[in-house]
Amino acid sequence: MTGNPLLAFDLGAESGRAILGRFDGERLELEELHRFPTGGTAVFDLLYWDVLRLHDGIKQGLRAAAGAGIASVGVDTWGVDFGLLAADGSLLDNPRHYRDPRTEGVLDRALERVSRERVFAATGVQLLPINTLFQLLSMQEQSAPQLGAAHRLLMMADLLHYFLTGEQVCEFTNATTTQLYDPRQGRWSTELLEAFGLPHGILPEIVPPGTRIGPLLETVSRDCGLASGIPVVAPATHDTGAAVAAVPAEGADFAYISSGTWSLMGAELQTPDLSDGALRYNFTNEGGVGGTFRFLKNIMGLWLVQECRRTWAAAGRERSYAELTRAAEEAPGFGPLVDPDDGRFLPPGDMPGRVAAFCRETGQTEPGGEGAVIRCLLESLALKYRWVLERLEEVLGRRLEPVHVVGGGIRNTLLCQLTADATGRPVVAGPAEATAIGNILVQALGLGRIGSAGDIRAVVRASFEPRTFAPDGDHGRWEEAYGRFCRLLPDSPLASEG
């Protein structure tokens, strides 16, 4: 491989990784250098991100890359969460986790002040209680002193970039997750902020993915044993934006699922869709690479399985994900189902107990045993993917095929096959490291080593071999299960089934 490597920091809900990418102009090779935990920290029943621990994990990753002669660095994280800075640049408080309970009920109260239609028309973003807008409104309701003292709001990846460079900017893909960005005007929605009485002077300049934010601070370079002047290049800092950039698709008529703790399912558009159908089904328009928009819906994802595993481990029944998947493969199919986006499944806690309660309340038999619980969750996810795919096609007026699945969730081959069976579409799975790949290749775009977003996908196709899952399930039984599933879908803050 020729050319200096590029370093991606990909931070998810459970862990962060430092991934080195060696790119020769045609193919990309990856090497994981460092891994560190990211999960939330609970204090007084509130849930925070330990952002200084995250910064320290990034510095450890930089030290691990000290001998590699890296050409650039970029960080991606989840969306919606943020830190507030004082006028002197100091952090006013630990950033809250999107699963923190402070936003309970805020969405409903907010829509009594400004209508759902007006909020969507101003932002094109699905209404979720975790969105930055509603987190800020919860602070407003509580008269949080940090909000009044804030000089600048930085999204999590932007905050970590600030710690590395001293520069305060907001990258486009993450700005669009806030429900504060106007996609028609291409700027912050000052009108919506004023309607809610929120300060808009705290919002920073928005920069596109691929922007050179600045060099690493000399103190960071010295501390980590790096050369001076290494640029920090903004990737698509929202992890889903980075993952979608690395979908190895050809053409435009494909659907994608970025599968991990969350499942983000959608289509790629050249302009945002703010139609009545998009509002009715609560779709979102999030920014992508190359000026595109990710027209998608958030689905709860493998968080459901992760919390089951944690609950069982706390009770002394430690199981690997592979063991749980094998147990699910052996469990009978087409049993009880849940709506993955029911609000009770959002917070941490006893997920198996919540699944059992949902089944009781909907007149279904509770799943018996760990394998049956996981089978129930995976079949429910696959059926939710079908529901979202049908709504996507209805709103966009075209058939979407194949379904590309990227991210760590592709390692669950049972879910990939169930998705093909439930949707009746071929599922193209891979790459698993799509977020890190997208991060690295957008850095390469910013450095001029790649010419366009389309070139990124050509590199992915040349570098990583996907696996295709063809539908081969019992069509009649899937139709019956889908009918049962659709009857379980009430309006909810996370699903808003219209």
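**Close-up views of a predicted model**

Just after helix H17, Gly448 has a positive phi of about 80°. The model is predicted: local features need pLDDT of at least 70 and side-chain atom pairs count only at pLDDT 80 or more, while totals for chains, interfaces and linings use all residues. Residues are numbered from 1 along each chain as its sequence is written, and side-chain values use heavy atoms, with hydrogens and water left out.

**View 1. Helix H17 covers residues 434-446.** Helices are DSSP runs (H or I, at least four residues), numbered from the N terminus. The 13 residues of H17 should span 18 Å at 1.5 Å a residue, which agrees with the 18 Å between its end C-alpha atoms; the expected span is 1.5 Å times one less than the number of residues. H17 is largely enclosed by the rest of the structure, because 11 of its 13 residues are buried (under 20% relative accessible area, 1.4 Å probe, protein chains only). Among the buried residues are Ile437, Asn439, Leu441 and Gln443.

**View 2. Helix H15 spans residues 370-396.** H15 is mostly covered, with 24 of 27 residues buried. Gly397 follows H15 and has a positive phi, near 70°.

**View 3. The largest nonpolar core has 166 residues.** Such a core is a set of buried Ala, Val, Leu, Ile, Met, Phe, Trp, Tyr and Cys residues joined through side-chain atoms within 4.5 Å. Residues with the most contacts inside it include Leu133, Phe196, Leu378 and Leu441. H15 gives the most to this core, 15 residues. Beyond its neighbours within four places in sequence, Leu133 is in contact (heavy atoms within 4.5 Å) with residues including Val119, Leu192 and Phe196.

**View 4. H15 meets helix H19 (residues 475-486).** Their axes, lines fitted to C-alpha atoms over the stretch in contact, with angles from 0 to 180 degrees between N-to-C directions, come within 10 Å and cross at roughly 80°. The two helices are therefore roughly perpendicular (65 to 115 degrees). Among the residues in contact are Leu383 and Trp387 of H15 and Trp478 and Tyr482 of H19.

**View 5. Helix H2 (residues 106-113) packs against helix H4 (residues 132-141).** The axes lie 10 Å apart at an angle of about 85°, which makes H2 roughly perpendicular to H4. Val106, Leu107, Arg109, Ala110 and Arg113 of H2 meet Phe134, Leu137, Ser138, Gln140 and Glu141 of H4.

Conventions
Buried means under 20% relative accessible area, exposed over 50%, partly exposed in between (1.4 Å probe, protein chains only). Angles under 35 degrees count as roughly parallel, over 145 as roughly antiparallel, 65 to 115 as roughly perpendicular and the rest as oblique.
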